[in-house]
Amino acid sequence: MKKIFKNTPMKPVNTLVFGLACMALPLTALMTSCDEKELLNPVPNIALQDAYIFDTPARVLGQVNGLYGAMKNGSLYGGRYLMLADIRGEEFINRTQNVFTGYDAWSHTVTSGSNDASSAWGTSYTAINSANLLIDGLPLHPDVVDAATATQYIAEAKFVRAFCYFGLITRYAQPYVKDKGASPGIPLRLKGESTPANNDLARSTVAEVYAQILKDLDEAEAGLPVNYSTALLNTTRAHKNTAIALKTRVYLTMGDYAKTVTEAKKIVSDGAPFAAPSGVKHQLQSNITTVFFTDYTTTESIFSMPMTALNLVSGQNSLAYEYNLNLEYNLNPTGILGDPSWPATDVRKTAFTRVAGGLTYLKKYNQTNPTTDYVPLLRYSEVLLNYAEALAKTGDLAKSVELLKAVRSRSDAAYAFPAADIATADALVKTIWLERRIEFLGEGLRSNDLLRNLLTIPAKGSGGLSAPSISPSQPEYIFPIPNAELSTNKLI
């Protein structure tokens with residue numbers, strides 16, 4: 001058990017088995033310390049949180065690892081959240097009509113009773129509650145770890161909470177830009193709960209949820225370490241630049257382009273080759289295949305969910321299974337795959353796609369047996385394109401084009417953007433959107449890119465297996481709150 005909590009270095013097999021720490025500790029404590037009296041008078045489960053979880057530094061670290069383990073759940077950021085976010089868009093064609101592999105999301109037929117509605121909701125709030133319990137509990141046990149370590153752990157918990165709330169608010173509520181966040185959002189749970197006694201909670205507004213996300217990220221940035229001792233930890237645990245990178249995504253989603261620029265400047269140098277000037281030295285890799293096929297912990301990978309042969313997401317939640325093994329979805333020939341702006345000379349097309357039976361499939365997730373590809377949640381190329389879009393929106397077209405070209409040229413050095421595509425702010429923004437569709441294909445960003453810009457979700461498919469377009473005014477534009485919440489929360 002001690003291997004789970006070893007602080008340095010964190011190896012994939014024994015420390016990144018994130019979720020096991022939370023589940024195993026209370027049981028282990030009972031098994032190793034109980035006598036006959038304890039067997040007759042067991043400690044209640046609620047008391048286990050206080051009696052054991054904060055008992056030693058190793059157990060506290062176990063809870064921190066458990067936060068990331070909760071995020072790594074296959075129904076959440078271990079796979080399914082990204083898949084559903086992508087297949088709602090226009091880039092993939094469903095082949096199996098299997099509701100267990102996202103057909104409802106693909107076809108825009110998600111209801112409150114659908115698995116696609118409930119998967120991210122329940123697992124997100126589980127991760128949020130784990131973060132809340134740590135944020136609440138650690139200050140009540142000030143002598144277990146030193147003050148600096150406690151500050152770091154709470155900052156990590158706030159980062160996890162912010163990440164999960166952002167995922168919820170962008171899936172289950174109207175886009176912020178629709179009405180500056182005045183629409184109903186989601187329940188904002190900020191206290192750790194060990195019982196269902198306080199389950200009744202009304203929805204906060206979209207703006208209130210975003211305000212909390214940004215508060216958590218600002219406080220996380222202040223409390224997180226500059227870096228860790230290994231590349232693995234720099235990729236799989238939050239540090240200062242991780243929080244900053246996520247803020248560029250949040251502010252861009254809110255349409256606050258000035259703040260997006262402010263945050264991006266913290267981790268992007270003024271000129272090429274672009275790199276983070278402080279903290280972890282994030283930068284693009286010279287070959288994008290390195291990031292997905294060779295080394296999951298380069299400085300381009302800001303935050304990822306790690307996988308090992310002994311601790312992975314498999315089956316219908318696995319991205320490799322969905323796209324590259326069971327071939328549930330092929331790439332839409334009339335989507336970005338067929339767009340002339342993505343020529344065959346681009347390594348992202350030659351390396352990350354394959355043809356089988358006359359159809360083209362995504363093979364960005366290439367480890368199919370076992371499915372050990374890390375799941376990328378934040379990459380430096382996204383920060384550069386977030387920055388580029390915000391600069392285009394605020395008038396600095398020259399710098400925006402420079403950042404855009406940095407992303408394109410590392411995968412297709414010979415490509416030249418047509419002059420008309422980068423001549424005006426509007427044209428440049430649309431070109432950046434196209435680049436995002438290429439760069440982040442299969443990485444879970446497409447739905448949010450459509451919704452944050454109030455764009456219609458395009459129709460896709462043909463004949464009997466097709467999905468209609470969905471406009472921002474239609475109820476299907478966002479996911480419904482699942483039945484499990486509607487039936488247990490009287491104030492929802």
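Visitor: Hi! Is tryptophan 106 buried or exposed?

Guide: Hello! This is a predicted model, and in it tryptophan 106 is buried, with a relative accessible area of 0%.

Visitor: And tyrosine 103, buried or exposed?

Guide: Tyrosine 103 counts as buried, at 15% relative accessibility. Both residues sit in helix H8 (residues 103–107), 3 residues apart, which puts about one helical turn between them.

Visitor: How many aromatic pairs turn up in the whole structure?

Guide: A search finds 19 aromatic pairs. One of them is tyrosine 103 with tryptophan 106: the ring centres are 6.0 Å apart and the planes meet at 25°, so this pair is stacked.

Visitor: What about tyrosine 172 and phenylalanine 479, stacked or edge-to-face?

Guide: That pair is edge-to-face, with 6.1 Å centre to centre and 85° between the planes. Tyrosine 172 belongs to helix H10, while phenylalanine 479 is in the loop between strand E10 (465–467) and helix H23 (483–488). The two are 307 residues apart, so the pair links distant parts of the chain. Both residues are buried.

Visitor: Nice. Which residues have the most contacts inside the largest nonpolar core?

Guide: Tyr77 and Phe159, in a core of 129 residues. Helix H10 (residues 147–172) gives the most to this core, with 15 residues. There is also a second, separate core of 6 residues, which includes Leu450, Ile457, Ile470 and Ile478.

Visitor: What is phenylalanine 159 in contact with, leaving aside its neighbours within four places in sequence?

Guide: Its contacts are Leu217, Ala220, Ala238, Thr242, Ala243, Leu246, Phe303 and Leu378. Phe159 and Phe303 also belong to one aromatic cluster, together with Tyr68, Tyr77, Tyr81 and Phe163.

Visitor: Switching to strands: which way do E4 and E8 run?

Guide: Strand E4 (residues 301–305) and E8 run antiparallel, joined by 4 bridges. Serine 301 has arginine 379 as its bridge partner in E8. Strand E8 (residues 375–379) is mostly covered, with 5 of its 5 residues buried.

Visitor: And why call helix H6 largely enclosed?

Guide: Because 13 of its 15 residues are buried. Helix H6 (residues 57–71) reaches 22 Å from its first C-alpha to its last, close to the 21 Å expected at 1.5 Å a residue.

Visitor: Last one: where is threonine 123, and what does its side chain lie 3.4 Å from?

Guide: Threonine 123 is in helix H9 (residues 115–137) and is buried, with a relative accessible area of 14%. A polar atom of its side chain lies 3.4 Å from the backbone oxygen of alanine 120. Beyond its neighbours within four places in sequence, threonine 123 is in contact with Asn73, Ser75 and Leu76.

How values were computed. Residues are numbered from 1 along each chain as its sequence is written. This is a predicted model: local features need pLDDT of at least 70, side-chain atom pairs count only at pLDDT 80 or more; totals for chains, interfaces and linings use all residues. Side-chain values use heavy atoms; hydrogens and water are left out. Buried means under 20% relative accessible area, exposed over 50%, partly exposed in between (1.4 Å probe, protein chains only). A polar contact is a pair of N or O atoms within 3.5 Å; within protein, one must be able to donate a hydrogen and the other to accept it, and residues adjacent in sequence count only if both atoms are side-chain atoms. Contact means heavy atoms within 4.5 Å. Two strands pair if DSSP finds at least two bridges between them. The expected span of a helix is 1.5 Å times one less than its number of residues. A nonpolar core is a set of buried Ala, Val, Leu, Ile, Met, Phe, Trp, Tyr and Cys residues joined through side-chain atoms within 4.5 Å. Rings of Phe, Tyr and Trp (its six-membered ring) pair if their centres lie within 6.5 Å; planes under 30 degrees apart count as stacked, over 60 as edge-to-face and the rest as tilted.
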